Structure formats: structure tokens, C-alpha cells
Amino acid sequence: MKFVSIVIGSRSDYEIMKSCSDTLEAFGVSYEMIISSAHRSPERTKDYIVQAEKKGAHVFIAAAGMAAHLAGVLSSKTVKPIIGVPMSASALSGIDALLSTVQMPAGMPVATVAIGKAGAINSAYLAMQILALDNEELAVKLKEDRIAKAKKVEMDSMEIETILP
């Protein structure tokens with residue numbers, strides 16, 4: 001069964017990354033989430049990637065802060081798509097994690113999204129777009145979601161326009 005694997009570098013990343021899992025759940029997309037650190041538990045991380053692929057992981061999402069090597073480690077161990085979510089875990093407000101995640105060497109790609117909650121949610125959407133390449137039902141759900149979001153903007157705009165002089 002195809003699913004999205006979410007790997008978070010530490011327990012402190014969970015509250016933000018819950019937005020990712022909540023988004024996947026809203027669309028009925030299977031996922032699993034584990035805590036595994038590129039630095040503190042490298043063997044666990046490596047072993048998990050092998051196990052996840054055997055179970056059907058088709059996309060990996062990696063969330064980490066500071067040095068943020070987790071997405072890169074995942075990229076080095078699989079040819080499945082990797083989406084990196086930089087976390088704000090230092091005095092640099094996540095800029096260090098963003099640069100660590102996005103600056104991968106040629107041939108080791110990591111799709112990188114925004115820092116924090118917006119990135120967590122967008123990582124779920126990007127993972128679903130990848131899965132939707134061969135899942136028409138999911139593609140339809142994503143299209144319907146875009147239409148609903150556009151309608152909400154229009155409704156919000158009409159509300160504001162009616163109160164403006």
C-alpha cells in the first residue's frame with residue numbers, strides 16, 4: 001500500500017508537523033510518522049528508510065531544524081522523492097535549517113518547502129501531488145480543494161468590499 005513517510009528529527013518538531021499529518025488525513029492519504037535523527041540515531045534512520053520502502057513508502061517528508069541534515073540523509077539512501085521541511089529551532093529562526101535543506105549537492109535532490117507550519121502543510125500537498133500522478137481519485141480531491149480555496153477568497157473579498165466605503 002502506498003503511503004507517505006514523515007520523519008521528524010526530534011519530538012519538538014511534532015506540534016508543527018501534526019499540521020502535515022492532519023492535512024494528509026483530511027484527504028484520506030495513508031502515512032506514518034517516526035522520530036529519527038540524522039545525527040543522534042543515524043543507523044535507525046538508515047534502517048527505517050529500507051523498512052519504509054519495503055512497506056510501500058512512495059514519498060518521504062523530512063522535518064529538521066538547525067543543521068537539518070535529515071532530508072539529505074534520506075536522499076542519500078533512497079531514490080524516492082524527498083520533501084524537506086526546515087524547522088525553526090535556533091536563534092536563526094529556521095534560516096540555518098532552510099539553507100541546510102535546500103543546498104543539496106547535484107544529484108541528491110530534496111524538494112524544500114517553507115519554514116515551519118506553512119512548510120508542514122505544503123509538504124503534505126506536494127506529497128499528495130506526487131501520489132496523484134497515478135491516482136486519479138486523489139487528483140480530483142486536490143482539484144476540488146483548489147476550487148474551494150478560490151471560492152473562499154472570492155467570498156472573503158465580497159465581504160470586505162461590502163463594508164468598504
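Which residues does UniProt list for "binding site"? The unreviewed entry lists S10, D13 and R40, in the numbering used here, with shortened feature names and with annotations that may be inferred rather than shown by experiment. The model is predicted, so local features need pLDDT of at least 70 and side-chain atom pairs count only at pLDDT 80 or more, while totals for chains, interfaces and linings use all residues. Residues are numbered from 1 along each chain as its sequence is written, and side-chain values use heavy atoms, with hydrogens and water left out.

S10 lies in the loop between β1 (3–8) and α1, where strands (E, at least two residues) and helices (H or I, at least four) are DSSP runs numbered from the N terminus. S10 has a relative accessible area of 18% and is therefore buried (under 20%; exposed is over 50% and partly exposed in between, with a 1.4 Å probe and protein chains only). Leaving aside residues up to four places away in sequence, S10 touches I35 and R40 (heavy atoms within 4.5 Å).

D13 is found in the loop between β1 and α1 and is buried, at 5% relative accessibility. With residues up to four places away in sequence not counted, D13 touches I8, A63, A64 and M87.

Elsewhere, a search of the whole structure finds one aromatic pair (ring centres of Phe, Tyr or Trp, the last by its six-membered ring, within 6.5 Å; planes under 30 degrees apart are stacked, over 60 edge-to-face and the rest tilted). The rings of F27 and Y125 have centres 5.6 Å apart and planes at 75°, so the pair is edge-to-face. Because F27 lies in the loop between α1 (14–26) and β2 (31–35) and Y125 in helix α5 (residues 117–131), the pair ties together parts that are 98 residues apart in sequence.
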